[in-house]
Amino acid sequence: MLTDIETNDIFYKKLKYVYLEMPKFKKEVDELESHFEKWMYVLKNLKRLDKIPDSLQERIFERMFSL
């Protein structure tokens, strides 16, 4: 959230920054436990995936790969 540097008071609660460091995500497809981890895996490996891995056979990923 955006905060004042000196007082640490939040001055705008509706905006938050989240940084995803893709190189630090090291899990393999068989280690994925949550939807967040599945998305991280897909986004990190998108350019080398030519089909949906078996463990990602969910409607949302099927739709993404069909585009």
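Predicted model: local features only at pLDDT ≥ 70, side-chain atom pairs only at ≥ 80, totals over all residues.
1. Residues are numbered from 1 along each chain as its sequence is written, and side-chain values use heavy atoms, leaving out hydrogens and water.

2. Searching the whole structure turns up three salt bridges (a side-chain nitrogen of Lys or Arg within 4 Å of a carboxyl oxygen of Asp or Glu). One of them joins E21 and K24, at 3.3 Å from N to O. Here E21 is partly exposed at 47% relative accessible area, and K24 is exposed at 61% (buried is under 20%, exposed over 50%, partly exposed in between, with a 1.4 Å probe and protein chains only).

3. K27 pairs with E37, with their closest N and O atoms 2.7 Å apart. K27 sits in the loop between β2 and α1 and E37 in helix α1, so this bridge ties together parts 10 residues apart in sequence (helices, H or I, of at least four residues and strands, E, of at least two are DSSP runs, numbered from the N terminus). E37 is buried at 14%, whereas K27 is partly exposed at 28%.

4. E58 and K38 also meet in a salt bridge, 2.4 Å from N to O. This pair links distant parts of the chain, 20 residues apart: E58 is in the loop between α1 and α2 (59–66), K38 in helix α1.

5. Now look at N8: its phi is positive, about 65 degrees, although N8 is not a glycine. You'll find N8 in the loop between β1 (2–3) and β2.
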